[in-house]
Structure formats: structure tokens, C-alpha cells
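Here is a short briefing to read alongside the model. Please keep the 3D view open as you go through the points.

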Amino acid sequence: MLSTITAEKAALRRSVKEIPLTDSERQASDLLLFQRFLALPQLARREPLLLYYGIGSEPDTAQLLEPLSLKGIPLFLPRCLPGQQMEARLFQSHSSLSPGLFHIPEPDESCPSINRDSLSIILVPGLAFDKQGFRLGHGGGYYDRYLAGFTGLTVALCRDKLLFPSIPVEPHDHPIDLILTETRCLSRF
């Protein structure tokens, strides 16, 4: 039987997926989110960054690959592994990407991997976030396991309409350090 919190998260996932977002709203939101993200002073250090490949209502983060590469930042993308684990592999080119477990483009095995603790920033996906920094993921737990013990900076891009006062939280959930919306920046520091 599902725990109460797990059931609440599942219900919230369903309702969040029903929030309407037109193509023009998505494009305008993405533009503002990406401008805020690319302006982060932490990116000036040109240290390794784990980026996700946005799907569904998430920002289309594939648009960040070129501007981040032009800044000289080593870019990594997640690759799903058996046992609901993931690893970070170097983004070399679009031709080195292939559909992964969830049909999300992932670097193939020819792309070098990096130890999680060598990453400086992890851009964390989510369906929705709350003002305390918690996220509502897709429910697979890949990022929860990957973020356990991570000491670098975690950042999320959240549309204003998907930022809630609070979301259900379980003991394994990790708050995000910095949430960027179209209009504000929420920091746990």
C-alpha cells in the first residue's frame, strides 16, 4: 500500500500535468529562465555542470547546450542505469545522444563519465517546486539517489505557475539550493 505522502505526490503529479501551457507561454518562460540561469556568476568558473534534457512541461534545456558550450563549460548529461541509478556522461555532440530508458536523449557509452563529486553544479529537473526548495519529480527517484551526499550547487528552473507554497516531502527528498523562476530567485543560503 502506498504511503499517504507517496499518494499525495502522485495526485499532485497528475494535477500539475494538467496545468495548461501554450507554446508561446512555454517559449517566453524558457527564454526568461535561460537568461537567469546563464547569468549565474557560478558559471564563470567554467566547472563541470550536469544538465538535464527537458521533457514534457519542463523547460527545453537542450537550448542551453550551445550557449553553455560557448562559455567553455564542460557539459554532462544524465544516463539512466539499472536499479534506478544514473551517471553523468560528457555531452560531445548531438550525434552522440541516443534515446535512453525513458526515450530521453542520453550520451552513449562512448562518452566519458565523470564522478558525481567532480561536478560543480547540477541542474535538477522537476514537475513543480516549493518555496522551501523541494521538488516534485517524475517519481522514479533517480535524482533523489544521485543527489544524496552531493556537496556542489543544485539549481532548478521553475515556471512561476509551478512554484507552490509547499509540496509533500519524504525523508529521501533533497532541497534544491537555488530555484530560478521567470520573476525571482529563491535561495536556501
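This is a predicted model: local features need pLDDT of at least 70, side-chain atom pairs count only at pLDDT 80 or more; totals for chains, interfaces and linings use all residues.

Residues are numbered from 1 along each chain as its sequence is written, and side-chain values use heavy atoms, with hydrogens and water left out.

**Overall fold**

- The protein has four helices and 13 strands; these are DSSP runs numbered from the N terminus, with helices being H or I of at least four residues and strands E of at least two.
- The radius of gyration is 16 Å, which agrees with the value near 16 Å for a compact globule of 189 residues. It is taken over C-alpha atoms, and the globule rule is 2.2 Å times the number of residues to the power 0.38.
- Along the principal axes, the C-alpha trace spans about 40 × 35 × 35 Å.
- Of the 189 residues, 47% are buried (buried means under 20% relative accessible area, exposed over 50%, partly exposed in between, with a 1.4 Å probe and protein chains only).
- Among contacts with a separation of 6 or more, 69% are between residues 24 or more positions apart; contact means heavy atoms within 4.5 Å.
- The accessible surface comes to about 9400 Å², and carbon and sulfur atoms hold 56% of that (Shrake-Rupley method with a 1.4 Å probe; for residues, only the protein chains shown count as cover).

- Eight strands make up an open sheet with mixed pairing, in the order 6-3-2-1-7-10-12-13; two strands pair if DSSP finds at least two bridges between them.
- The edges are strand 6 (113-114) and strand 13 (185-187), each with a single partner strand, so one side of each has no neighbour in the sheet.
- Strand 2 (residues 75-81) is largely enclosed by the rest of the structure, because five of its seven residues are buried.
- Strand 2 pairs with strand 1 (residues 49-50) in the parallel sense over two bridges, and L50 stands opposite F76.
- Strand 2 also runs antiparallel to strand 3 (residues 85-90), joined by six bridges, with M86 as the bridge partner of C80.
- Three residues lie between the strands in the hairpin of strand 2 and strand 3, where G83 takes a positive phi near 75 degrees.
- Strand 12 (residues 178-180) is joined to strand 13 by three bridges and the two run antiparallel; here L178 faces S187.

**T154 in strand 10**

- T154 sits in strand 10 (residues 153-157) and counts as buried at 6% relative accessibility.
- The T154 side chain reaches the backbone nitrogen of D177 at 2.9 Å.
- Leaving aside neighbours within four places in sequence, T154 is in contact with I122, V124, L147, P175, I176, D177 and L178.

**The aromatic pair**

- How many aromatic pairs does a search of the whole structure find? The search finds one, and it is edge-to-face, because the ring centres of F102 and Y142 are 5.7 Å apart and the planes are at 85 degrees.
- Rings of Phe, Tyr and Trp (its six-membered ring) pair if their centres lie within 6.5 Å; planes under 30 degrees apart count as stacked, over 60 as edge-to-face and the rest as tilted.
- The pair links distant parts of the chain, 40 residues apart: F102 is in the loop between strand 4 (97-99) and strand 5 (105-107), and Y142 is in helix 4 (residues 142-147).
- F102 is partly exposed at 47% relative accessible area, whereas Y142 counts as buried at 11%.

Technical notes. A polar contact is a pair of N or O atoms within 3.5 Å; within protein, one must be able to donate a hydrogen and the other to accept it, and residues adjacent in sequence count only if both atoms are side-chain atoms.
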